[in-house]
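I opened my notebook to see what could be looked up in one structure. Here are my entries, in the order I made them.

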Amino acid sequence: MQVSWKREPTGRFTMEKCSGSEKTFKADLVLLAMGFLGPENRIINELEIKQDARTNIETATGKYKTSVPKVYAAGDCRRGQSLIVHAINEGRQAAREVDRDLMGETSLAGPGGVVYTPGKKVVRPTDEIYKPLLASLA
């Protein structure tokens with residue numbers, strides 16, 4: 001079957017079947033590479049999670065909490081089709097946000113692998129405790 005792509009007023013593309021284009025092929029195995037068509041709607045509808053104009057799960061910029069308490073989103077369902085490295089990074093950042101929400105703080109790495117926990121002192125080589133060591137090395 002052939003499909004045509006139609007752009008909705010929101011900018012999202014949807015597929016429409018082209019009637020009369022059906023074909024039958026003999027095959028032992030069929031693999032479908034359909035591309036990313038947006039997040040699965042069943043659970044989104046059941047939980048009544050807010051979606052953006054492109055039907056991705058809506059979260060605040062730089063955050064992973066959804067409109068439903070204790071429900072988080074990351075990767076393609078949040079930002080739309082993208083590279084796997086972005087999905088991995090968002091998964092890590094979502095885990096960091098969940099950890100912080102559950103524990104009140106987190107020691108999981110933030111963006112760029114930097115570990116920062118608000119309220120905790122960050123020790124740097126220029127801090128007072130390192131001055132005797134640095135002086136002995138000079």
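**Entry: a pocket.** I began with the second largest pocket and listed its lining: Gly 62, Lys 63, Tyr 64, Gln 93, Arg 96, Glu 97, Arg 100 and Pro 111. For a pocket, I used a 1 Å grid over the protein atoms alone and looked for an open set of points with protein on both sides within 12 Å along at least five of seven lines; a lining residue has an atom within 4 Å of a point. Rolling a probe the size of a water molecule over the atoms shows where empty space is left. I noted a volume of about 170 Å³ for the second largest pocket. That volume is the space filled by probe spheres set on the points, with grid points joined across faces, edges and corners.

I then sorted the lining of this pocket and wrote down two nonpolar, two polar and four charged residues. In this sorting Ala, Val, Leu, Ile, Met, Phe, Trp, Tyr, Cys and Pro are nonpolar, Asp, Glu, Lys and Arg are charged, and the others, Gly among them, are polar.

**Entry: ground rules.** I reminded myself that this is a predicted model, in which local features need pLDDT of at least 70 and side-chain atom pairs count only at pLDDT 80 or more, while totals for chains, interfaces and linings use all residues. Residues are numbered from 1 along each chain as its sequence is written, and side-chain values use heavy atoms, with hydrogens and water left out.

**Entry: the overall layout.** How many helices and strands does the protein chain have? I found four helices and two strands, where helices (H or I, at least four residues) and strands (E, at least two) are DSSP runs numbered from the N terminus. Along the sequence the pattern reads β-β-α-α-α-α. Of the 138 residues in the protein chain, 17% are buried. Buried means under 20% relative accessible area, exposed means over 50%, and partly exposed is in between (1.4 Å probe, protein chains only).

**Entry: a nonpolar patch.** Which residues make the nonpolar surface patch? I wrote down Met 1, Val 3, Trp 5, Phe 13, Met 15 and Leu 37, with about 550 Å² between them. Patch residues have over 30% relative accessible area and no salt bridge; nonpolar side chains (Val, Leu, Ile, Met, Phe, Trp, Tyr) are joined within 5 Å, and like charges within 9 Å. The areas come from the Shrake-Rupley method with a 1.4 Å probe, and for residues only the protein chains shown count as cover. Strands E1 (3-7) and E2 (13-17) each give at least two residues to the patch. I picked out Met 15, which sits in strand E2; Met 15 counts as partly exposed because its relative accessibility is 35%.

Entry: Ile 44 is in helix H1 (residues 41-47). Is Ile 44 buried or exposed? Its relative accessible area is 2%, so Ile 44 is buried. I also checked Ile 44 against Thr 55: they are 11 residues apart along the chain, and their C-alpha atoms are separated by 9.9 Å.

Thr 55 belongs to the loop between H1 and H2, and its phi is near 70°, a positive value in a residue other than glycine. Glu 48 is in the loop between H1 and helix H2 (76-79). Glu 48 is not a glycine, yet has a positive phi of about 55°. At 68% relative accessibility, Glu 48 is exposed.

**Entry: salt bridges.** My search of the whole structure gave four salt bridges, each a side-chain nitrogen of Lys or Arg within 4 Å of a carboxyl oxygen of Asp or Glu.

- Arg 42 pairs with Glu 46, with the closest N and O atoms 3.2 Å apart. Both lie in helix H1, four residues apart, about one turn of the helix. Arg 42 is exposed at 61%, and Glu 46 is exposed at 55%.
- Asp 101 pairs with Lys 65, with the closest N and O atoms 3.4 Å apart. This pair links distant parts of the chain, 36 residues apart: Asp 101 is in helix H3 (residues 84-103) and Lys 65 in the loop between H1 and H2.
- Glu 90 and Arg 79 meet at 3.2 Å, N to O. Glu 90 lies in H3 and Arg 79 in H2, so the pair ties together parts 11 residues apart in sequence. Glu 90 is buried at 4%, whereas Arg 79 is partly exposed at 35%.

Terms used. On a 1 Å grid over the protein atoms alone, a cavity is a set of points where a 1.4 Å probe fits but cannot get out, and a pocket is an open set with protein on both sides within 12 Å along at least five of seven lines; lining residues have an atom within 4 Å of a point.
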